[in-house]
Amino acid sequence: MTVKTVGLDLAKDVFQIHCVSATGRKILNKKIKRAKLLAFFETLPRCVVGMEACGSAHHWGRELRKLGHDVRLMPAA
């Protein structure tokens, strides 16, 4: 089963990642350290990454786009 969508919750040091398949089934839900975030996304196939728009979201969005992912920022509500 391949990852099609990733929800990324940004924080200072530990991020939460929630991966979903094309059928909407949960594949992975884990915490990951800041230092290992890009290495994790390098192993994933190209997918949609959704995250809340905040101060660091634009930085991470640019880094993930360099890896070929489709990044979507959502306004905080």
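Trainee: Is C47 buried or exposed, and what is its relative accessible area?

Mentor: Bear in mind that this is a predicted model, and that a residue counts as buried when its relative accessible area is under 20%. C47 falls on the buried side of that cut-off, because its relative accessible area is 6%.

Trainee: How many disulfides are there, and how far from C47 is the nearest cysteine sulfur?

Mentor: A disulfide requires two cysteine sulfur atoms within 2.5 Å, and by this rule the count is zero. The sulfur of C54 is 18 Å from the closest cysteine sulfur, in C47, and that is too far for a bond. C47 is likewise in no disulfide, and the nearest cysteine sulfur to it, belonging to C19, is at 7.1 Å.

Trainee: In what order do the strands lie in the sheet, and which of them stand at the edges?

Mentor: The sheet is open and its pairing is mixed, with five strands in the order β3-β2-β1-β4-β5. Each edge strand has a single partner, so one side of it is left without a neighbour in the sheet; the strands in that position are β3 (26–33) and β5 (70–74).

Trainee: How do β2 and β3 run, and which residue of β3 is the bridge partner of C19?

Mentor: Strand β2, residues 14–20, is joined to β3 by seven bridges, and the two run antiparallel. Within β3, the residue that partners C19 is L28.

Trainee: Which strands does helix α2 lie across, and at about what angle does it run to β4?

Mentor: Helix α2, made up of residues 57–66, lies across β1, β2, β4 and β5. Relative to β4 (48–52), the helix runs at about 170°.

Trainee: What kind of aromatic pair do F15 and W60 form?

Mentor: Both residues, F15 and W60, are buried, and their pair links distant parts of the chain, with F15 in strand β2 and W60 in helix α2, 45 residues apart. Their ring centres are 5.6 Å apart with 80° between the planes, and the pair is edge-to-face.

Trainee: What kind of pair do the rings of F40 and F41 form?

Mentor: F40 is buried at a relative accessible area of 13%, and F41 is buried at 1%. Their ring centres are 5.5 Å apart and their planes stand at 85°, so the pair is edge-to-face.

Trainee: Which residues touch the most other members of the largest nonpolar core?

Mentor: That core holds 19 residues, and the elements giving two or more residues to it are β1, β2, α1, β4 and α2. The residues that touch the most other members are V6, L8, I17, L37, F41, V49 and M51.

Methods:
Residues are numbered from 1 along each chain as its sequence is written. This is a predicted model: local features need pLDDT of at least 70, side-chain atom pairs count only at pLDDT 80 or more; totals for chains, interfaces and linings use all residues. Side-chain values use heavy atoms; hydrogens and water are left out. Two strands pair if DSSP finds at least two bridges between them. Helices (H or I, at least four residues) and strands (E, at least two) are DSSP runs, numbered from the N terminus. Contact means heavy atoms within 4.5 Å. Axes are lines fitted to C-alpha atoms, for helices over the stretch in contact, and angles run from 0 to 180 degrees between N-to-C directions. A nonpolar core is a set of buried Ala, Val, Leu, Ile, Met, Phe, Trp, Tyr and Cys residues joined through side-chain atoms within 4.5 Å. Buried means under 20% relative accessible area, exposed over 50%, partly exposed in between (1.4 Å probe, protein chains only). Rings of Phe, Tyr and Trp (its six-membered ring) pair if their centres lie within 6.5 Å; planes under 30 degrees apart count as stacked, over 60 as edge-to-face and the rest as tilted.
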